[in-house]
Amino acid sequence: MIYAIDFDGTLCVDCYPEIGEPREEMISAVLDAQRAGDRFILWTCRVGERLEEAVNWSAAQGLTFDAVNDNLPDMIALYGNNCRKVFADGYIDDRNVRDILGVEV
């Protein structure tokens, strides 16, 4: 499965533009899913320095992403372009995470 996962409010408590406390249960669920073979795209409105901060913060939590605000290379090759819409099997944010990964935020 490919998941596009939001940052603020999902991986951390929403304190934008600052980065809130980590949501440990959520991070653990993502790491478990990655170990099971699922791929994750960091899907956020953050750009520039704020995006870099989010990526670095995520790495400090043990999270790495297969893409950041972009499609996976194999999806680009499959469809022959890199459209603005991020392709994923599931889109995770703080409003639906319980339904997808079983975590309450």
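**Group meeting talk: a predicted fold and a buried aspartate**

A quick word on what you're looking at. This is a predicted model, where local features need pLDDT of at least 70, side-chain atom pairs count only at pLDDT 80 or more, and totals for chains, interfaces and linings use all residues. Residues are numbered from 1 along each chain as its sequence is written, and side-chain values use heavy atoms, with hydrogens and water left out.

So, the overall picture. The protein has 4 helices and 6 strands. By helices I mean DSSP runs of H or I with at least four residues, and by strands runs of E with at least two, numbered from the N terminus. Reading from the N terminus, the order is β-β-β-α-β-α-β-α-β-α. The radius of gyration is 13 Å, close to the 13 Å that the globule rule gives for 105 residues, so the protein is as compact as a globular protein of that length. That radius is taken over C-alpha atoms, and the globule rule is 2.2 Å times the number of residues to the power 0.38. Along its principal axes, the C-alpha trace spans about 40 × 30 × 25 Å.

How much of it is buried? Of the 105 residues, 40% are. Buried means under 20% relative accessible area, exposed means over 50%, and partly exposed is in between, using a 1.4 Å probe and protein chains only. As for contacts (heavy atoms within 4.5 Å): among those between residues at least 6 apart in sequence, 67% join residues at least 24 apart.

A salt bridge needs a side-chain nitrogen of Lys or Arg within 4 Å of a carboxyl oxygen of Asp or Glu.

What does the side chain of Asp-38 reach, then? It reaches the backbone nitrogen of Met-1, at 3.2 Å. If we skip neighbours within four places in sequence, Asp-38 is in contact with Met-1, Tyr-3 and Ala-33.

Ala-33 sits in helix α1 and counts as buried at 9% relative accessibility. Not counting residues up to four places away, Ala-33 touches Asp-38 and Phe-40. Ala-33 and Tyr-3 are 30 residues apart in sequence, and their C-alpha atoms are 9.8 Å apart in space.

Back to charges. There are 4 salt bridges in the structure, and I'll show you some of them. One joins Asp-74 and Arg-39, with the closest N and O atoms 3.1 Å apart. This pair links distant parts of the chain: Asp-74 is in helix α3 and Arg-39 in strand β4, 35 residues apart. Asp-74 is partly exposed at 35% relative accessibility, and Arg-39 is partly exposed at 27%.

Others stay inside a helix. Asp-32 pairs with Arg-35, closest N and O atoms 2.5 Å apart. These two are 3 residues apart in helix α1, which means about one helical turn lies between them. Asp-32 is partly exposed at 41%, whereas Arg-35 counts as exposed at 62%. Likewise, Glu-53 and Arg-50 meet in a salt bridge at 3.3 Å, N to O, and they are 3 residues apart in helix α2 (residues 48-60), about one helical turn.

Last stop, the backbone. Most residues other than glycine have a negative phi, and most peptide bonds are trans. Asn-69 is not a glycine, yet has a positive phi of about 50 degrees. Look for Asn-69 in the loop between β5 (67-68) and α3 (73-79); Asn-69 is partly exposed, at 30% relative accessible area. And the bond joining Tyr-16 and Pro-17 is cis, with omega about 10 degrees. Pro-17 lies in the loop between β2 (12-15) and β3 (18-22).

That's my tour, thanks!

Conventions: A polar contact is a pair of N or O atoms within 3.5 Å; within protein, one must be able to donate a hydrogen and the other to accept it, and residues adjacent in sequence count only if both atoms are side-chain atoms.
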